[in-house]
Amino acid sequence: MIGFHRDGATLLCDGVPLDRIASAEGTPLYVYSAATIAARYQAIDAAFAGCPHSIHYALKANSTLAIARLLRALGSNADANSSGEIDVAMRAGFAPHQIVFTGVGKTSAELEHAITLGVRSINVESPGEIARVNAISTTRGTRTKIAIRVNPDVDARTHPHISTGLKANKFGIPIADVPDVCRHAQFMDGVQIVGLHAHIGSQITDLTPLANAARALVALAREVGSAGVRIEHLDVGGGLGVSYDGKPVPGAAEYAAAVLPILRESGLTIVLEPGRHIIAPAGALLTRVVDVKEVGGGRFGVGDAADVRSAAEVGGSERAQGAERLFVVMDAGMTELIRPMLYHAFHRIEPLVKSDAPLVSCDVVGPLCESSDTLGKDRMLPRPQVGEFYAVLDTGAYGSVMASNYNRRLLPAEVLVENGTWRVIRRRQTLDDLLALEP
Ligand SMILES: Cc1ncc(COP(=O)(O)O)c(C=O)c1O
């Protein structure tokens, strides 16, 4: 069995007990399953096998070097969203022609970097950006390949903060304007339009909007093609969701079945930029209970170190009469995983070793000085005890990449489980690392 699974009471990653990893490496800790990453990458590749395609893994979801290298070894290309991600892609071994450069606010320095390297395509977001690419390229005597990011005005039916394909969103060029923009750009010396691109949002579990966006791209390619613009590829972005609560959601095969019949009509190469779908279920954040507070029942509400010890000792007993809330305070919070606070995202939270303590309703919170620092509300857990390890599941995407040093907390370590063992792929940050920037 691959990924995160239970053998009796114990949670494992690719067969390795997670409590062993947590004890050896400490917490908070991100753990990734190499086998899951490979299986999910290969599932997308196989689903699109009936059509010329290339997968550009979206580094923004998780760009830890070892993960980028693993995906490159599997045959993936890269989607970079900043100069930093371009450089990470290069360090991971991707060649410039394997990189597409996306992003809504590329600076001139970033454009210059991408143009000098000669990336596969710059996915341009506005007529202004096309003009900037053209100016830089003509100065350098080169012609840069661009794909026009189209805003198709399609509702992705996902969380508003991760919806990008509506005309109210800041992304791309409104679809109605694209033919004119192409006609104009076609005659610029410094750009060559090679693609049309649309990314309508993330965590999409309803395939209809993705099919609608694909249909809009194909129709647009036909229209600009008949005006003499020679498109080589359609870039359908990323966005395919995952199940965070265990309920079924469409997978790569269903996604391909919904969009391929539409895309194939174009006769063009299909570029995909999946991030979350590959990496989210391949990662878990391990954390440890630092305190258990019962508010309203009075037993553990306030106290000194001795009280905390006694809370741990009686942790397996029944919940105190009249308790209003049981707060389980973890050593990980919004600094390690901001998704629950930023998007009200749900993540399953499970003990690494399940006890047979009675189930109690808990608010699982982090240690930060923010009331929003809650990883999960009203979770039924075997009554937690100080010192126990927990996993916050499906946190491989938009987890470690969004970690911060708020409260001067140090970035967590990351490990990759591979071939029955694990290795540290990013060491825990030290205070010296953090303060090295400050004279
Ligand atoms: C342009 C672009 N491509 C790809 C992605 C990856 O999306 P996801 O992780 O949902 O697959 C994103 C994420 O926001 C994006 O903005």
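**Figure 1. Strand 14 and its antiparallel partners.** In this predicted model, strand 14 (residues 283-295) and strand 15 (residues 325-330) run antiparallel and are joined by six bridges. Within this pairing, valine 292 has valine 328 of strand 15 as its bridge partner. Strand 14 also pairs with strand 19 in the antiparallel sense, here over five bridges, and leucine 286 stands opposite alanine 391 of strand 19. A further antiparallel pairing, over four bridges, links strand 14 to strand 4, with valine 31 placed opposite alanine 284 of strand 14.

Figure 2. Threonine 27 and proline 28 are joined by a cis peptide bond, for which omega is about -10 degrees. Proline 28 lies in the loop that runs between helix 1 (18-25) and strand 4 (29-33).

Figure 3. Three strands form an open sheet in the order 1-2-3, and their pairing is antiparallel. Strand 1 (4-7) and strand 3 stand at the edges with a single partner strand each, so that one side of each has no neighbour in the sheet. Strand 1 and strand 2 run antiparallel and are connected by four bridges, and phenylalanine 4 has cysteine 13 of strand 2 as its bridge partner. The loop between strand 2 (10-13) and strand 3 (16-17) holds aspartate 14, a residue that has a positive phi of about 45 degrees although it is not a glycine. Is aspartate 14 buried or exposed? With a relative accessible area of 16%, aspartate 14 falls under the 20% cut-off and is therefore counted as buried.

**Figure 4. The loop around asparagine 407.** Asparagine 407 is placed in the loop between strand 19 (389-393) and strand 20 (413-418). Its phi is near 65 degrees, which is a positive value in a residue other than glycine. The relative accessible area of asparagine 407 is 35%, and the residue is accordingly described as partly exposed. Strand 19, on one side of this loop, is a strand that pairs with strand 14.

**Figure 5. The crossing of helix 2 and helix 3.** The axes of helix 2 (residues 34-47) and helix 3 (residues 65-74) come within 10 Å of each other and cross at roughly 45 degrees. That angle makes helix 2 oblique to helix 3, and the crossing of the two helices is right-handed. On the helix 2 side the contact involves Ala34, Ile37, Ala38, Tyr41 and Gln42, which meet Ile67, Leu70, Leu71 and Leu74 of helix 3. By class, the residues of this contact comprise eight nonpolar and one polar, with no charged residue. As a general point, an α-helix has 3.6 residues a turn, so residues three or four places apart point the same way.

**Figure 6. The surroundings of helix 3.** Which residues of helix 3 are buried? They are Ala66, Ile67, Ala68, Leu70 and Leu71. These buried residues pack against several elements, namely strand 4, helix 2, strand 5 (53-58), helix 10 (276-279), strand 20 and strand 21 (421-426). Just after helix 3, glycine 75 takes a positive phi of about 110 degrees.

**Figure 7. Strand 5 between its parallel partners.** Strand 5 is largely enclosed by the rest of the structure, because five of its six residues are buried. Strand 5 runs parallel to strand 13 (residues 269-272), and three bridges join the two; here isoleucine 55 stands opposite leucine 272 of strand 13. Three bridges also join strand 5 to strand 6 (residues 77-80), again with the strands running parallel, and the bridge partner of alanine 58 in strand 6 is aspartate 79. In general, strands of a sheet pair through backbone hydrogen bonds, either parallel or antiparallel.

Figure 8. How many residues of strand 9 (residues 144-151) are buried? Seven of its eight residues are, and strand 9 is thus described as mostly covered. Strand 8 (residues 121-124) pairs with strand 9 in the parallel sense over three bridges. In this pairing asparagine 123 stands opposite alanine 147 of strand 9.

Methods: Residues are numbered from 1 along each chain as its sequence is written. This is a predicted model: local features need pLDDT of at least 70, side-chain atom pairs count only at pLDDT 80 or more; totals for chains, interfaces and linings use all residues. Side-chain values use heavy atoms; hydrogens and water are left out. Buried means under 20% relative accessible area, exposed over 50%, partly exposed in between (1.4 Å probe, protein chains only). Two strands pair if DSSP finds at least two bridges between them. Axes are lines fitted to C-alpha atoms, for helices over the stretch in contact, and angles run from 0 to 180 degrees between N-to-C directions. Angles under 35 degrees count as roughly parallel, over 145 as roughly antiparallel, 65 to 115 as roughly perpendicular and the rest as oblique. A crossing is left-handed if the near helix is turned anticlockwise from the far one by less than a right angle, and right-handed if clockwise. Contact means heavy atoms within 4.5 Å. Ala, Val, Leu, Ile, Met, Phe, Trp, Tyr, Cys and Pro count as nonpolar, Asp, Glu, Lys and Arg as charged, and the others, Gly among them, as polar.
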